[in-house]
Amino acid sequence: MARSASLSGYLELLPAERLVELHVLDTLREVFERHGFASIESRAVETMDTLLGKGEVDKEVYAVSRIHDDADSAAEAKLALHFDLTVPFARYVTENAGHLAFPFRRYQIQKVWRGERPQAGRFREFTQADIDIVGDGTLPFRADTELAVVMARALAALDIGQFQLRVNNRKLSQGFYTALGLNDPAAVLRIVDKLDKIGPARVQAELAETCGADEHQAQKALALAQIRTADVSFAEQVRDLLPPGAANELLEEGLREMTEVIATLQERVPGQAVADLSIARGLDYYTGTVYETVLFGHENLGSICSGGRYDSLATHGKRTFPGVGLSIGVTRLISALLAADELTASRSVPTAVYVTLREDTDWSTAQDVADQLRARGISAEVAFSAEKFGKQIKYADRRGIPYVWFTDAEGHHEVKDIRSGDQVPADPAVWTPPAEDLTPRVLRPGRDL
RNA sequence: GUGGGCGUAGCUCAGCUGGUAGAGCAUCGCGUUGUGGUCGCGAGGGUCGCGGGUUCGAGCCCCGUCGCUCACCCCA
């Protein structure tokens with residue numbers, strides 16, 4: 001973060017920073033739409049019933065009520081702010097199923113709220129950018145594969161440096177632990193998920209304490225979690241860990257699915273994804289593929305993009321809508337990149353041309369000049385008063401406005417490039433700045449400069 | 001929710017064993033009487049987070065409180 005917030009966990013950006021955020025959002029939107037995802041927006045508020053029992057701890061949910069909570073409103077459904085976009089989307093799908101065409105692919109970029117203790121990269125109000133594909137009754141496994149490809153391309157389009165999508169499959173992990181004789185696969189997953197953070201020794205110790213794993217089981221569980229391959233060779237490694245005949249149907253299905261995902265990612269977005277069998281994800285509605293993403297150089301941030309397959313999050317009577325989704329933590333991402341000065345904007349305002357005033361009475365004709373520029377898509381701003389030219393130039397300079405416009409008493413126009421100091425005659429009807437100066441650009445110091 | 005660290009100018013910080021608030025950067029003005037950036041000179045800007053206590057006297061000591069921050073939990 002550039003500044004410490006006056007209220008922790010609620011990030012507010014300066015104009016130049018917001019420009020960077022808008023660039024990120026625009027880029028994501030463009031890539032999502034290019035891959036056929038339609039946009040929706042769901043309301044910020046859901047009923048408690050919808051939100052709770054869907055995998056989130058209730059202490060993190062912000063309740064919403066009227067200050068004057070009288071008898072009437074007490075009888076109303078209790079409301080709360082959504083903590084992610086997946087649960088509201090599931091509700092949206094079941095409510096609007098009759099109007100949607102399945103498989104339905106949508107993207108959704110909105111604020112969400114979590115009442116957590118804020119930390120670097122952790123906010124109470126933040127923006128998520130989600131893509132999901134949902135089927136009616138069934139959803140081809142290929143959706144899991146395509147979704148990861150789209151997200152990898154979106155992250156690549158942001159041009160924020162090297163990242164790595166890490167993929168696992170809960171069927172694989174759970175099948176494996178069951179085959180080992182561990183009776184609480186979910187608990188094992190939770191501990192194994194911390195491998196990156198606490199290291200192999202402590203994972204093994206916790207497995208023994210919490211899951212009653214004996215030394216052999218703990219060793220095998222740990223060995224599985226340490227498998228990390230860029231190709232499909234993980235499957236062989238998994239089989240080598242078990243005695244012949246110990247495999248089960250769930251494990252085999254998980255291996256098949258993982259192999260398909262990794263093979264496709266290796267082919268379509270080479271070098272940007274790996275199989276990582278330690279990935280588990282906290283939310284318990286995931287049933288198959290799970291994804292996390294690390295941004296190299298920002299490993300301590302945690303995952304910047306996560307998600308997975310959910311087979312029964314959305315149900316409506318006898319119908320179920322299996323889906324698969326991925327979510328980018330936009331706020332987390334840009335706060336880290338801004339703080340590290342890895343992304344900055346070329347100026348703090350959209351203005352490309354600052355039109356000066358020679359006399360206070362020139363304001364109207366100066367607006368005519370500005371309008372001629374604006375009509376051709378050039379952002380222009382007119383001075384309020386005819387201060388000394390030095391001050392007017394300084395006004396533009398402080399905002400990073402690249403061009404200053406002058407009109408003399410005879411009506412001759414000149415435009416000055418504030419960076420070089422070059423000043424040349426110009427015609428407001430035809431003069432155009434170079435494309436790179438037309439709108440603010442996002443710069444990557446250290447790479448662009 | 002649990003545990004550590006920290007709150008002084010717009011920003012980064014200094015302030016001794018308690019004696020009545022300072023620097024750099026930024027801002028504004030002038031030098032430079034209508035073309036900025038450099039340089040020089042000058043100016044403005046503070047309820048020292050808030051409340052209480054001890055004291056002749058508190059930025060400093062004590063208590064409380066609010067906020068920020070880091071770690072745990074969990075997660076984007």
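This is a predicted model: local features need pLDDT of at least 70, side-chain atom pairs count only at pLDDT 80 or more; totals for chains, interfaces and linings use all residues.
Let me begin with one pairing, in which strand S6, residues 125-134, runs antiparallel to strand S12, residues 319-329, the two being joined over seven bridges. By pairing I mean that DSSP finds at least two bridges between the two strands, and the helices (H or I, at least four residues) and strands (E, at least two) are DSSP runs that are numbered from the N terminus. Within this pair, Ile 133 has Val 324 of S12 as its bridge partner.

Residues are numbered from 1 along each chain as its sequence is written, chains are lettered from A and ligands numbered from 1 in the order in which they are written, and side-chain values use heavy atoms, with hydrogens and water left out.

The pair I started with belongs to an open sheet of nine strands with mixed pairing, and the order across it is S1-S5-S6-S12-S11-S10-S7-S9-S8. At its edges are strand S1 (38-39) and strand S8 (228-229), each of which pairs on one side only. Helix H12, residues 330-339, lies across S6, S12 and strand S10 (289-295), and it runs at about 10 degrees to S12. Here contact means heavy atoms within 4.5 Å, and the angles run from 0 to 180 degrees between N-to-C directions, with axes that are lines fitted to C-alpha atoms, for helices over the stretch in contact.

Strand S14, residues 353-355, pairs with S15 in the parallel sense over three bridges, and the partner of Val 353 in S15 is Ala 380.

How is chain A divided into domains? Domain 1 takes residues 15-41 + 87-345 and domain 2 takes 353-443, with bounds that come from an automatic or database domain assignment. Their contact takes seven residues from domain 1 and four residues from domain 2, and the domain centres, taken over C-alpha atoms, are separated by 49 Å.

The area buried between them is about 420 Å², of which carbon and sulfur atoms give 68%; buried area is the accessible area (1.4 Å probe) that two parts lose on being put together, summed over both. On the domain 1 side, Leu 19, Thr 344 and Ala 345 lose the most area, together 63% of what that side buries.

How many salt bridges are counted between the two domains? The count is zero, where a salt bridge is a side-chain nitrogen of Lys or Arg within 4 Å of a carboxyl oxygen of Asp or Glu. The structure as a whole holds 26 salt bridges, one of which joins the side chains of Glu 30 and Arg 34 at 2.8 Å, N to O. Both residues lie in helix H1, four residues apart, about one turn of the helix.
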